[in-house]
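Please examine the sequence and the structure shown below.

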Amino acid sequence: MDTSPFVGRGRELGTLTQALHDAIAGTPRMMLIGGEAGVGKSRLIDELTKVARAEGTVVAVGGCVETGAEEVPFAGPRAALRSVLHQSPDNAPKGDGPLPGAMPAGLRDLMPTEGRARSKPADRGEPPLSQEDAFARTFEAIVGVLERLSADRPLVLVLEDLQWADASTRLLLLHLFRALQSGHVLLVCTYRTDDLHRRHPLRPFLAEAARIRNLIRIDLPAFTWDEVNAQVAAIQRAAPDPKAVDRIFERSDGNPFFVEELLHAGEDRPGAVLSDSLRDLLLARLHALPDAAQEVVRIAAVGGGEMAHGLLRAAAGLPEGELNAAVRTAVDAQLLRTTPDGTGYRFRHALVREAAAEDVLPGELVQWSRRCAEALEADPSLAPPEERNARLAVYWAGAREPVRALEKYVQAAAEARERYACTEELNLLTHAMELWRVVPEDVRASLRLPATPFTTDAAAGSPTDASSYVDLLAQAAVAARMSGDRERAMSLCREAIALPEDQADPLRRAWFWAERADLVQGLGIGDGRTELDRALALVHDLQPSAVHVDILARIALWGARHQSGPDSLNAADRAIAYARKLGDHYGELHARVTHAWLLTGTGRFEESVAELRQVLEQALEIDAVPVIGRACITLPSVLEGMGLSQEAVTVAEECAALCRARGLLDQEAWVHCNRSVSLFSLGRWPQAVEATDDAAQLARSRKARGLVAALRTLKAFVHGDLQEAARQLCLARSLYGAHDVQPQLIIPLAGFAIAIAARQGRLRDARTELSDILSVGLPPATERYSLPMLYAAATAEADAWVPGNDPERDEAIAAIRRHSERITARTSLWHAYRLMIEAELARAAGNPDPEAWAQAIEALTGADRPYELALARTRWAAAALATRTPRPKVAPTLRQAQTTARELGATLLLADITTLAQRAGITLDARSDPDTTPGPPADATRATEPAPAHALSDLTAREREVLDLVARGYTNGRIAATLYISTKTVSTHVSHILAKLGVTSRTEAAALAYHIGLKDTDAP
């Protein structure tokens, strides 16, 4: 059995599992599973057999054999039936008498070795049977045996590789599909779709089977990027590098087998070639073709991913009839397929094309490449306009014409840049750099590159007067960074910095040092300040230039990220002034984004938003792509900091579209993260989770991936899954790294760490986290992160309060209060947080103050912060009860908090509310009239009070599993995929759980599970 990790296929496995349960219940099920080789059919069957054996069923697997002919009838069914008989010794028919204990004649003819030796009809005086009658007897015998054997124990019969099935087996299966009407039987058959050429004998069988009403068909598609990412993560047992996943996904076309083979061969690295074993496997089908078809496939591999028929004809030089016959053979062999528009051909798998290209001889490559280049130059319509120069570059390079190839590579790179295809641009520039030193000097001098980062018109894309190798390096470094390949960008910067001084003047060298500063921050290997100082020193005595502006803008941005304050704001002003003096509009916009961000630290929010909107508008006019990306990230973040979450969501949606249209994947991921934060603030938690998932699919940089993990930490915490929260927190910290301490990133993580530690009873760890983050400092413009962190610390102290002196507690309370008072509450939301912190500190000192919480509630009312409002109401209720406020006056507020917590799915908060109500003897039944009905005694029966811990004993083992996943915030669909059951079955389990526990919603059930300790593994 396959021991590789099983990922994806939750829906398909759920369908199979439901069919299994139907069969166990007495309704036979028949299924056909199709998919190309390596897509995971056998792996899916392995998972089904695990589930089936766990349910106590007999599982028998047989496979059809590839013999090249059909002279071995019933090979697959015979193997499966033999396995069934061996697993059912009590019921296996062996004699000549009636069942049980007898083998029908038809079955004896099919499996003579399982009973006595086959006797000849003449020996018993029987007339010989016609083949049709013999088949009928055999088929009926098999139906009868399956029904009999499954009467006492369900049976799963699997028949694999139907593409090799003989005619007798196909007839038998059609008979079983129609005739098997009773018994506890599940029959599953698999076949390879890529083996089915036009005249394959299985095609009529599939057409006939499609007419059978109760037959279930499953077509397994290739993995999506997310599924490949999950597969790689499961194999490596660590979160994979998205860029490596990009490479594997592109090369494997989502085929799980190819993914695994590429990983095991270490071919997930850039530029890795195919291993001999994988190449031989891929070429086996090619080498089985006639010579003419093999040559056409190899020419198509040289031609590229897709090739127009006319281009293939020109390269092959074959008469039309011979060419069509060769192409037809390749298409029937599932190596090539027609393009969607019907004008050409493409490979069925990218790896097959790669292997076929490596199988081309050097002389063939030169000949075919030259033919392709000449044909395309003669008739440009043979390739799409956006691909023409790139194809010509590849063809001329293959034809050993470096001068023509270099010219086309440079032109194609410029076109890719205009389309925001940064990865393609990087690949093209890489090839151009390889050819640069090969071509003569006069050729290099004649080339005109797009504007480089060293010129003031960098945003406009106009050609420069001079071209050099260092200009190519700069363009490639920018393309690498914009595509998310920061390691490659760093390598290019190192190469440029190491060049002799006559090839890289101080101005250019300074730019590379500045670029390197951003890269070390993005890679988490430094904070970039040393690199910026080196860059500034290099331009100190030079005439003002665009590079000066760029360095000053980056220094201001560094300050905004690390030491926000007046000095950083002055640096931004200086960069803007320099840019305006030089007429560097791009540099000015770059600096103004930072300037607008820094304005928030002085409370000039409206001015900040206005400037960001203006910068974004102007950047769109000149298509300054990096500026657009930065403005799109910053604007919704500033709006959220002002408490304008709804506007932030709207703006983030618009900004995400702007980034998407320009291929800014990492920037779009940041925008989705900002959108998730605002949606969470508004109480739209399911949408917040979706936004985080959107970000996870796009994030390429370590910091963007770290932000995704941070948001998932928050989600897991509020849902009560402390183990997952701790895991995501650890992941976020590892991705952020320890060398680039940015307060806006690390302060929220400190708050999460404090809250998790406090909930797990680790007060000392919570205090250590607080001390560590306060030692770093809480600079201006971080109020939106600092206040929630301080509130978490105050709550930790309040929850741990016990009578008596505690110097460490007193020190923590003083530190929290001191830092809270230093923060200027420039928005109503920040003011509310200040009030919440003071109220918690009163509770931490043993003096719960309902009035303090009443002020916090008033400040939060109308602020569109339902979670914080529910928290404040819960704390007010606790403080009011502690100060002997009558229960009827407390109950309405507690019910309001409960309603909000239930609507949000805030499991932890709901558990706190439930506990508080139980201790106070307050009913949470909204139908009671709090003004006239006093709270019942604590020992009275309350219809809405959740069941006590012993109620879990009424749940079945499966219901406990479902409840645990409900408590973790899983949807029914995700539970179904996790437990390999149908969504309908999950819904039934959830209904039973709610009834047995006496609760009315999933959130209450989750809160109860957390409250009474079902999830006893939360602590890491």
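## Basis of the model

This is a predicted model, in which local features need pLDDT of at least 70 and side-chain atom pairs count only at pLDDT 80 or more, while totals for chains, interfaces and linings use all residues. Residues are numbered from 1 along each chain as its sequence is written, and side-chain values use heavy atoms, without hydrogens and water.

## The protein as a whole

The protein contains 47 helices and 8 strands; these are DSSP runs numbered from the N terminus, with at least four residues (H or I) for a helix and at least two (E) for a strand. Of its 1020 residues, 55% are buried, that is, under 20% relative accessible area with a 1.4 Å probe, protein chains only.

## Strand β4 and its partners

In strand β4 (residues 185-192), 7 of the 8 residues are buried. Strand β1 (residues 29-35) pairs with β4 in the parallel sense over 7 bridges; pairing requires at least two bridges found by DSSP. Here I33 stands opposite T190 of β4. Strand β3 (residues 155-160) is also parallel to β4, with 5 bridges, and V156 stands opposite L186.

Strands of a sheet pair through backbone hydrogen bonds, either parallel or antiparallel. An open sheet of 3 strands has the order β6-β8-β7, with antiparallel pairing. Its edge strands, β6 (306-308) and β7 (336-338), each pair on one side only.

Between β7 and β8 (residues 344-347) there are 3 bridges. T338 stands opposite Y345 in β8.

Note on methods:
Buried means under 20% relative accessible area, exposed over 50%, partly exposed in between (1.4 Å probe, protein chains only).
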